[in-house]
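Please look through the sequence and the model shown below before reading on. The report then takes up a few residues in turn.

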Amino acid sequence: MQERQRRSFTEEYKRQAAELVVSSGWSITAVGKELGLRDSVLRRWVEKLRQEPASATRRPTTQAAPTDQASEITRRSA
């Protein structure tokens, strides 16, 4: 039986994925499927983002469609 290799993500990737959930109105499950992430992982990132002070949260200057944002996040992580 082959072990699953643990993936690691940059803090920027985690923040962008969490911001996608918060700003798009998509569910954690939908964004997770789009990005290939487990719900539990993405949920932790979203909770961490929501606990940060509002001034620390970066807001995108333009509002892209959720699928465009997910594609961009996926592209950057490759």
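## About the model

This is a predicted model, in which local features need pLDDT of at least 70 and side-chain atom pairs count only at pLDDT 80 or more, while totals for chains, interfaces and linings use all residues. Residues are numbered from 1 along each chain as its sequence is written, and side-chain values use heavy atoms, with hydrogens and water left out.

## The nonpolar core

The largest nonpolar core has 16 residues, of which L35, L37, L42 and W45 touch the most other members. Such a core is a set of buried Ala, Val, Leu, Ile, Met, Phe, Trp, Tyr and Cys residues joined through side-chain atoms within 4.5 Å, where buried means under 20% relative accessible area, exposed over 50% and partly exposed in between (1.4 Å probe, protein chains only). At least two residues of this core come from each of α1 (11–24), α2, α3 (39–51) and α4 (66–77); helices are DSSP runs of H or I with at least four residues, numbered from the N terminus.

Leaving aside neighbours within four places in sequence, L37 is in contact (heavy atoms within 4.5 Å) with R7, F9, Y13, A17, G32, L42 and W45.

## E34 in helix α2

E34 lies in helix α2, which covers residues 28–35, and E34 counts as partly exposed because its relative accessibility is 38%. Although E34 and A70 are 36 residues apart along the chain, their C-alpha atoms are separated by 6.6 Å.

## K48 in helix α3

K48 is placed in helix α3 and is partly exposed, with a relative accessible area of 45%. K48 and A18 are 30 residues apart in sequence, and 8.6 Å apart in space from C-alpha to C-alpha.
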